[in-house]
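Good morning, and thank you for coming.

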Amino acid sequence: MNDIFFLFLNGLTVACIYGLVAVAVSITWSALGLLNLSYGFIFSFAGYGAWLAERHLWGEPIFVLFMGIAAGILGGVIVCLLIFIPVHDKPNFTLRGMIGTIAVSLIGGQVLLQFFGPKAKLLPEFFGYSKIKILDVVITADKIGIIFSSIIMLTLVVKWMKSSRRGLEIRAMMMNPHAAAIVGIGVRKTGLYVMAVTGAMTGLSAVLLSQTYYLSPFSGLTPMIKGVSIALMGGLGSVRGAVIAAIILGFNEALTTKFIGGRYVLMTQFLLIIIVLLIKPRGIAGILDKAREG
Amino acid sequence: MSKNKKTWKNPLANWGVKGGNYEVSTPPYKDPHEVWKKTISYKVPITKIGRFHYEYKSSNHGNKIWNRLRWWPTRRTILSTKGVYNRKSLKAEKIRRDKRPIFWFLGLLFLAIAPFILPEGNKTSLLTAGGIFGIYASINLCWTLIIGTAGIFSLATYAIVGISGFFTCWLSINLGLAWWTLPFIGMFIGLIFGIVIALPALRLDGFYYGLLTLGLNELCRVFITTSKAFGSASGGLFGADTFINQDWTPLTQTYASYYSAFFLLIAALFLFRFIDGKRLGRILKMAQEKKESFAEASGVDYKRARVTVFLISSIALGFIGGFYAAYYRGVAFNLFDFHTVIMGLAMITIGGIGRAEGAVVGTLIIVILDRVLVELGPMRYIIIGTLMMFTILFLRNGLFGIRKQFKEWRDKKKNEARSTRVERGGEMLPEQSTEVDDKGEVYRKRFDKMQREFLKTLICEDIINEHKNKPLGQHSEALERVLYYFRRAGMNDKYVVKCEEPFQKYKIMALSGVRGRSPRLVEDKIYETVNAAYHGLFLRRVQDLMEA
């Protein structure tokens, strides 16, 4: 039992990180109609931003964390300026936007490689090395930190989207982009906000993941693909669906590792996703059925 | 008599004309040429109009127009030609409707003779790159069939090739299969894998499927790289049987591999042609995105056609996978990398999605950048990325969409210019008139407009009174000009007087202008004399003239 709980905690930790990216992908798709595949680049960009801040500005972990988030915001805004704003009103936008973000991640990854080299970098432990024991399970501080900071981030974003004027604009864009444009919600301005917020979430996931794993120019790829899969399973456009999907996939990861073997995690995961999508083609939530198609 | 009035004397008055009109007041003489001079005078900046035809047109002879070469044994002509008449000289000319076969022929001819004309120094490296180009272009042609023709946004194309390559390679190593069996076993594997990944495509649409296949690609990568059977230690699986004999000289080996890839490309082009250009392709062209329900209503089973195309492409991709294994004696893991997917997307995007020439030329550009200009280092990926960005930002459908996009842009600009131009030379705009073959019509409309403008200045109380007094017979010069114009008008909607009862009831009607279609009554007013009816008709015409 404890074993499973431990594994589930591991799964949850990973799910929190990937869930942030998933929610970012989800929000971008539903608000802007942009399938942003450059979150891998934003992820590495934010990680390197945090690393630079730690090296050259101040080594305080919390400062580094916030600098990572700031770098994520910057990365999101760069992608928005390069791809979303020029292409959003052109024909065939969805396909062109997606390929454009892939191009950005290709260029960005190579530029990062040029500047920082292929050697992996490590970020400091933000939450110290203390341990807590609950029900005979040792929980390290970084796990608690990861879970709590991602929940805080997610809560903040959801609260901001629910209660602020900008959030209202974004939700209006999600519901009906044309009507939102008619009542005076600027597509470009909203695009900038959305990309900044989702960039912040990706930035947080980057610094959280890079303290346990490593940071390299292309290390954002796996989180992005996992995030996309989670967003897909949860239903593109739904924060709640993404959260549920992240938890399910985290649990799946734990169970698969325990009973079948770590190698088969991706297989069971995709089997699960395909089964869910075959039953409900719009994912778990599927609330936006056809809303972004017209 | 005021200053601007003039008296007109009937020249027949001396002989006594029935009905009076010996002397009437009339407007002073106006020169009809003034309108002409005003019209042709230079007022606005004149821009050149019309189109220059760059197109080469060969001369033609009326008797030879049906004498065409055909592809034996079909009835298909080698080049689709069309006989036209030169607009200026009326000489018979022949134009090629579709010039793409010429470029395809020249391009493939170049590829066929490339080994003999490439510079000696780096022939081997160029031919190796040419082999890579042949294989990747074949893969991308199959991918174009999936994305463009079938409209299924799959990103797992390279995964099919990779899976087929790895399995055939494994079979070749462990069962000792000969090289020529590998592509055929690959076809089988491709079919099975294609069926597996086609299942979600039936339910999911568009980008959901794209993202799922992206994940599937990653799944294949992780599965293959972590399994010991597929050589997780050595970065790939090597040691398959190959058709390239190691006893040959290095140059012969290079030639053999180059030409085998070249023939693979030709085969892929034929496959593309026979799927995209034949029944399946036509069905799917009818069922475009957002027009599926129309296709369905017309009795087209587009879903079945899509899946069929997807499966055929998967079989072809499996064949290429087996070929790949036999070609390189094995398969490396990087076939599953996200990087490979990006490169593949770059290839088909830069050329233009959905067209064979786009897939091939895009592949050529990327392979040249990626494999030939190796000394650029990581810089070349930045160049490729920038090219992709450029294509995305400025081109609607890649390089081969430029022509259409430019034409649309030009027409848009032309229309803008047209709408800003207030000044008009005639009824027809200059740009329109270049597109009308009968130039006499242009001049007629222009003259007609000038004439109406001139006649409007002649209409006044005097001539109306004059007409009222005497509708028929000799009139003053001004009235006579107006009447001539009215009488010369076309038959459609021309007013005529209808006699209901002689000397008592007359009505005005309008002719239809079409033989066999009866005239219509334009008003119910009854005129008691024929002259009153003539005058009523005249007033109607004057009103029409002034309002036009």
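Let us begin with chain B, whose domain assignment gives three parts: domain 1 covers residues 58-98, domain 2 covers 132-336, and domain 3 covers 338-411. Please keep in mind that what you see is a predicted model. Taken over C-alpha atoms, the centres of domain 1 and domain 3 of chain B are separated by 35 Å.

I turn now to the place where the two chains meet. Here 30 residues of chain B are in contact with 30 residues of chain A. On the side of chain B that touches chain A, four helices each supply at least two residues: α5 (182-203), α6 (206-226), α11 (338-351) and α13 (379-394). Which of them gives the most to this side? It is α6(B), with twelve residues. By class, this side of chain B consists of 22 nonpolar, five polar and three charged residues.

Finally, consider one pair of helices across the two chains. Two packed helices are described by the angle between their axes and the distance between the axes. Helix α4 of chain A, residues 93-116, and α13(B) have axes that come within 8 Å and cross at roughly 155°. An angle over 145 degrees counts as roughly antiparallel, and α4(A) and α13(B) are therefore roughly antiparallel to each other. Their crossing is left-handed.

Among the residues that meet here are A:Ile99, A:Ala103 and A:Leu106 in α4(A), and B:Ile382, B:Gly385 and B:Met389 in α13(B). The contact between these two helices has eleven nonpolar, four polar and one charged residues.

Terms used: Residues numbered from 1 in each chain as written. Chains lettered and ligands numbered in written order. Predicted model: local features only at pLDDT ≥ 70, side-chain atom pairs only at ≥ 80, totals over all residues. Domains from an automatic or database assignment. Contact = placed C-beta atoms within 7 Å. Nonpolar A, V, L, I, M, F, W, Y, C, P; charged D, E, K, R; others polar. Axes fitted to C-alpha atoms, helices over the stretch in contact; angles between N-to-C directions. Parallel < 35°, antiparallel > 145°, perpendicular 65-115°, else oblique. Left-handed = near helix turned anticlockwise from the far one by under 90°.
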